[in-house]
Amino acid sequence: MDFYHALKQVQAFEENFSFTFFNYDKLEAHTRISPIFIIILLFFKKIFVNIDLVRIILLHFLLLTQLIFYYCLKELYFKKTTFDIKPLVMFSFIIFLSPSFRSNVIWPESSIFGLLFFLSGLYFFLKNIRKFEKKNIYL
């Protein structure tokens, strides 16, 4: 239901982007979903046209969460150059056990994008703790 409700927002953005963006809180079908997520859906919908294809592309894009979580664990716990990666890989699969992750990947919602961006920010934060670089602050 949330995904189809978000598609109403996408249609409003398609019809009049600037009005919808600046009056997002006054829309007829208002929602708590971030307008940035709606813009991402609009972008993918314009490229791929078929909404089911958009869902499949987003599913594969959001599976990067597990990979970024693995790199966060690697940055946090293994400071040596040689180590066995099997336990880290198995532990990073814990994300797939979450029911909210599974449902939000199949029916995309903005919270899963929040997790993806949070983990990527966390990765650069952890990387910056080990060795300070100004670019990591911005990333």
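Analyst: Let me start with Lys-131, which is exposed, with a relative accessibility of 54%; please keep in mind throughout that this is a predicted model.

User: Which side chain does Lys-131 meet in a salt bridge?

Analyst: The partner is Glu-133, and the N to O distance in this salt bridge is 3.9 Å. Glu-133 counts as partly exposed, its relative accessibility being 26%.

User: How many salt bridges does the count come to?

Analyst: The count comes to 3 salt bridges. One of them joins the side chains of Lys-45 and Glu-14, with 3.5 Å from N to O. Because Lys-45 belongs to helix α3 (residues 35-48) and Glu-14 to helix α1 (residues 2-15), this pair ties together parts that lie 31 residues apart in sequence.

User: And how accessible are Lys-45 and Glu-14?

Analyst: Lys-45 is partly exposed at a relative accessible area of 24%, and Glu-14 is also partly exposed, at 36%.

User: Switching to helix α4, where do Asp-52 and Arg-55 lie along it?

Analyst: Both residues are in helix α4, which covers residues 51-62, and they are 3 residues apart, about one turn of the helix. Asp-52 and Arg-55 form a salt bridge in which the closest N and O atoms are 3.4 Å apart.

User: Is Arg-55 buried or exposed?

Analyst: Arg-55 is buried, since its relative accessible area is 17% and the cut-off for buried is under 20%. Asp-52, by contrast, has a relative accessible area of 41% and is partly exposed.

Technical notes:
Residues are numbered from 1 along each chain as its sequence is written. This is a predicted model: local features need pLDDT of at least 70, side-chain atom pairs count only at pLDDT 80 or more; totals for chains, interfaces and linings use all residues. Side-chain values use heavy atoms; hydrogens and water are left out. A salt bridge is a side-chain nitrogen of Lys or Arg within 4 Å of a carboxyl oxygen of Asp or Glu. Helices (H or I, at least four residues) and strands (E, at least two) are DSSP runs, numbered from the N terminus. Buried means under 20% relative accessible area, exposed over 50%, partly exposed in between (1.4 Å probe, protein chains only).
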